[in-house]
Amino acid sequence: WPRTALYRRTAGRPQPSPPALGEVTVRHIFADRERNVWFGTDGQGVFKYTPTPFDLFTTTDGLAGRMVWDVDRGPAGDLWIATRDGLSRFDGTAFADVPGPNGRLRQELIPLHWTRDSPLWVASRSTLFAYDGSTYRSYERVAGGPVGTVSDVAETPSGAVWFATLQGGVLRHDAAGFTRYPTADGLLINQVRSLTVDAQGRRW
């Protein structure tokens, strides 16, 4: 896609991105509680829009990796950032490395999601990790097959967590465990890149 296709709309016509983002490929956009906007990039680190000017944070500031896949807010209001080289936590002042047990989170991490009752879900290319604030659980095989690559995570009002995967359809996790929904259950294709839950609790 065009590398300069980021626009900000206020009043009137959309305006192109400021020069700081003119040659940057943006992969993820996230707004925090203070209305700062965070941009995860493909190889340039993460930009913070405050709203003016942009602040750039990279590995020299403690960010785990320069390719940022996802950003989410934690229960304490801090930001958690999934990168190609691991997981970082930003408390508003500094970045902290989140290595996980035996350094297992020091790898490419794609989506992450803090649920309403606080467990954090974060996925590598082949493993799902769940963090409850004190311990990590890892899942490599669920619902009769490998987890595969999880590309997105969403939560329903009931607390069920849904995972889009690139090989095995979608997964659902609730108190009963994991359930898989592939094409045999009506899904058009088993390669799912994104999902969301609307205000009525419907999964898209």
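This is a predicted model: local features need pLDDT of at least 70, side-chain atom pairs count only at pLDDT 80 or more; totals for chains, interfaces and linings use all residues.
Four strands build an open sheet, arranged in the order β11-β12-β13-β14. Their pairing is antiparallel. Two strands sit at the edges: β11, which covers residues 112-114, and β14, which covers residues 136-139. Each of these edge strands pairs on one side only. Neighbouring strands of the sheet are turned against each other by 15 degrees on average, with direction ignored.

Strand β12 spans residues 120-123. Strands β11 and β12 run antiparallel and are joined over three bridges. H113 has its bridge partner in β12, and that partner is W121.

An open sheet is formed by four strands in the order β17-β18-β19-β20. Here the pairing is antiparallel. The edges are taken by β17, residues 150-155, and by β20, residues 177-181. Both edge strands pair on one side only. From one strand to the next, the twist averages 20 degrees.

Strand β18 comprises residues 161-165. Five bridges link β17 to β18, and the two strands pair in the antiparallel sense. Within β18, T165 is the bridge partner of V150.

Methods. Residues are numbered from 1 along each chain as its sequence is written. Side-chain values use heavy atoms; hydrogens and water are left out. Two strands pair if DSSP finds at least two bridges between them. Axes are lines fitted to C-alpha atoms, for helices over the stretch in contact, and angles run from 0 to 180 degrees between N-to-C directions.
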